Amino acid sequence: MTRRIGRFRTALTVLAVWNVLAGAALVGAAPASAAPAATEVAPGVEYTDFDIVAAKGVAHAHVLSIDLRAPHVRVGLLYPGVVAARAAVSQLADTAGAVAGINGDFFNITETQHPGVEATGAPVGPAVADGRQLKAAVPNGQRFGPALPPGTTTEEVFGVGTDRTARLDRLALDGSIGTDEGDLPLRGLNQYALPEGSIGAFTSDWGDVSRERAVCGTDTDRSAPCSTDTYEVTVTDGRVVATAGSPGRGPISSGTTVLVGREAGAQQLRELSAGERVTVRHRLVAAKARVPYAFAIGGSPVLAGGRPLPGLDDTVSAVRTAAGIANGGRRMLLLALDGAPEFRTGLTIAEVAETMRRLGATDAFGLDGGGSSTLVAREPGANSVSVWNHPSGGAERPVPNGIGVFSRQEHP
């Protein structure tokens, strides 16, 4: 069921002219150090909601605050078990046993530019679940969603390390294909789009969706035609067992890697022969953290070091989802705007950044919005989550991933 708005109605005024904003206090709400009354979802996990008077109308925010210092609380990636699949956030949360959660990364939602090519439903950016590196980022020009802030890439992630500290970072793919003739570069891992002239690897984490989308578009134009120069090689237990002139589909068994090449990458794969020994290596390398990530999800940064990123869009308003970091990475804020008709004007990306800053975040990250924006949580005593905002499409949209909140100390 959908939670009724207004249980804890406070007001947060966000003005369009940010120089007028400087130093202003929250209107009608306590500062972050003395937050308004909240509902305890589980010990260390609190929910609150409030109005935001924005440039183009009133928005309504639903926010979860998670204490990452609490030993019984953790966060993790919600996903359907493979990269190229989608499910409602409530289903993902209940299947994983989460007490709360929000939707996650932007994703390959449609393929109107490539008639006959199957939309994969796969997310844009890197993904890590329980320390398992699931996928790498597509090229910047192949991204779905609003334009990236200047200076950022599809490799940006919001994650939590094994030290239980949340951070913003970048995860880049480091990979190679060892052959009898030498090493070839690997530039893709379970991605719906590969860089031009490259080779990408697909594993059992991909799922059974067609791999054809991987060779469509270019590094700068998502709608560009699909490549006609492609090749696929299947490697099982370290040896080439099959080849094909175009990307295939179907489940990939454990111990098998399917290599897909386009243009120069396809030409390189054609040199491999049946029975030849091939070693595929890949890992995601963090730009900043030296602690492994237990969880990471793609999107785009909007706030860093307490300051909104330069060049954030301040004209287009929409229903949005965001994640924030406070208290030196020990507290996480998850925000989803309400999509009910009276609040559907939403916020600009610049207003999202300012909202997260006023809530006490020093760093914040934009996630998929519009019909995807969903916040779920368990009512006290409930065994399953319910939707606590109103998705703008009238019902939950299936999404590829999300952020789940888990607790070993639930209310009776």
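Which residue does the side chain of Asp 67 meet in a salt bridge? The close-ups below start with that pair. This is a predicted model, in which local features need pLDDT of at least 70 and side-chain atom pairs count only at pLDDT 80 or more, while totals for chains, interfaces and linings use all residues. Residues are numbered from 1 along each chain as its sequence is written, and side-chain values use heavy atoms, with hydrogens and water left out.

**View 1. Asp 67 meets Arg 69 in a salt bridge.** The N to O distance here is 3.0 Å; a salt bridge is a side-chain nitrogen of Lys or Arg within 4 Å of a carboxyl oxygen of Asp or Glu. Arg 69 is exposed at 55% relative accessibility, and Asp 67 is partly exposed at 23%. Buried stands for under 20% relative accessible area, exposed for over 50%, and partly exposed for in between (1.4 Å probe, protein chains only).

**View 2. Asp 163 and Arg 167 form a salt bridge through their side chains.** Look for an N to O distance of 2.6 Å. Asp 163 has a relative accessible area of 26%, so it counts as partly exposed.

**View 3. Arg 262 and Glu 263 are joined by a salt bridge.** Their closest N and O atoms lie 2.9 Å apart. Arg 262 is buried, with 3% relative accessibility, whereas Glu 263 is partly exposed, with 22%.

**View 4. Salt bridges link Glu 354, Arg 357 and Arg 358 in a network.** Side chains of opposite charge can pair when their charged atoms come close. In total, the structure holds 13 salt bridges.
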